[in-house]
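Subject: Structure for your review

Hello,

Here is the structure I said I would pass on. Please look it over before you read the notes below it.

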Amino acid sequence: MSQPSLLSEIKDKHHVFSFMQSQASPVLNVDKQILLYLEGLSVSFDGFKAINDLNLYIRDGELRCIIGPNGAGKTTMMDIITGKTKPDTGSAWFGQTINLLELDEPAIAQAGIGRKFQKPTVFESLSVYDNLVLAMPDERLVFSLLFARLKGEQRDRIDEVMTLIGLQDHSAMRAGSLSHGQKQWLEIGMLLMQKPRLLLVDEPVAGMTHQEMDRTAELLVSLSGSHSVVVVEHDMDFVRQLAGKERTVTVLHQGSVLAEGSMDQVQNNQKVIEVYLGESQ
Ligand SMILES: Nc1ncnc2c1ncn2[C@@H]1O[C@H](COP(=O)(O)OP(=O)(O)OP(=O)(O)O)[C@@H](O)[C@H]1O
């Protein structure tokens with residue numbers, strides 16, 4: 001299918017794509033350049049629609065910011081993607097072959113979706129290096145691994161991730177002694193050890209200094225391309241920094257997409273100003 005006809009299909013709401021094919025042991029397929037498809041999703045809690053006919057598509061390698069007022073459904077949307085909450089209706093696909101609604105939380109993580117919660121949850125008494133060792137896939141539960149020799153490729157991966165997150169000079173430092181920002185980066189590094197294809201990041205810069213915010217923006221931008229990164233954030237300066245002129249920003253309101261476009265477009269959208277930006281700017 002050509003890109004224009006794919007885009008028109010995407011705009012046609014409630015359309016479950018003809019090329020979606022659930023497989024017994026699915027291998028991720030992003031031939032259509034879209035990594036995440038959320039279609040017609042709704043979920044109610046005690047009669048209240050937290051997610052209401054939500055349609056959202058994330059391109060492979062894209063960095064997307066999601067903004068919206070408190071209670072807009074941002075966390076619930078992440079909960080659906082990661083399998084914590086099952087929607088009442090709709091579909092959620094990871095590429096064209098992985099139906100997320102058929103998988104539980106561990107299977108979704110294993111399929112390549114990593115989630116970073118707002119509060120860092122690193123092992124404070126362990127070094128930066130050992131936190132990354134423990135985050136390696138498969139070996140995570142093998143505590144003795146900390147005392148065993150790692151394979152060359154595992155050490156290389158840890159070095160690569162430490163450099164990416166800017167903690168290469170703090171390898172032996174106890175995680176508990178790191179600054180708040182450094183803990184957040186370490187936790188992103190721990191997710192990266194599992195080689196996710198999609199990273200969901202919840203309010204990464206809450207409580208950070210300006211310098212740490214700049215470094216976090218650089219890190220998330222550097223991860224896009226080889227990963228898709230979805231960032232939920234309330235800090236508009238940070239969103240502006242991440243989105244720049246080119247990237248797409250999605251505004252959620254009452255469980256649906258209220259607006260989508262460049263930061264300039266959503267900032268000048270009258271509906272967005274009324275429900276959200278009027279208060280937060
Ligand atoms: N498990 C639940 N049971 C009942 N209500 C819930 C549950 N989870 C979320 N809600 C409600 O659904 C709505 C959407 O909540 P959600 O946390 O997804 O919004 P949000 O956009 O992440 O908000 P915030 O920016 O404040 O984090 C809220 O009104 C919330 O109270």
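This is a predicted model: local features need pLDDT of at least 70, side-chain atom pairs count only at pLDDT 80 or more; totals for chains, interfaces and linings use all residues.

The protein chain contains 10 helices and 10 strands. Of its 281 residues, 38% are buried. Counting contacts between residues at least 6 apart in sequence, 68% link residues that are at least 24 apart.

Most of what I looked at involves strand β7 (residues 198-202). Because 4 of its 5 residues are buried, β7 is largely enclosed by the rest of the structure. Strand β6 (residues 113-116) pairs with β7 in the parallel sense, over 4 bridges. Strand β8 (residues 228-232) also runs parallel to β7, and 5 bridges join the two. Val201 takes part in both pairings: Lys116 has Val201 as its bridge partner in β7, and Val201 stands opposite Val231 in β8.

Helix α7 (residues 210-223) belongs with β7 and β8 in a β-α-β unit, which is right-handed.

α7 also meets helix α6 (residues 180-192). Their axes come within 10 Å and cross at roughly 15°. An angle under 35 degrees counts as roughly parallel, so α6 is roughly parallel to α7. The crossing of α6 past α7 is right-handed. On the α6 side, the residues that meet α7 include Gly181, Gln184, Trp185 and Ile188. Their counterparts in α7 include Glu212, Arg215, Thr216 and Leu219.

Regards

Methods
Residues are numbered from 1 along each chain as its sequence is written. A residue is buried if 20 or more other C-beta atoms lie within 10 Å of its own, exposed if 12 or fewer, and partly exposed in between; C-beta atoms are placed from the backbone. Two strands pair if DSSP finds at least two bridges between them. A crossover is right-handed if, with the strands pointing away from the viewer, the path from the first strand over the helix to the second runs clockwise. Two residues are in contact if their C-beta atoms, placed from the backbone, lie within 7 Å. Axes are lines fitted to C-alpha atoms, for helices over the stretch in contact, and angles run from 0 to 180 degrees between N-to-C directions. Angles under 35 degrees count as roughly parallel, over 145 as roughly antiparallel, 65 to 115 as roughly perpendicular and the rest as oblique. A crossing is left-handed if the near helix is turned anticlockwise from the far one by less than a right angle, and right-handed if clockwise.
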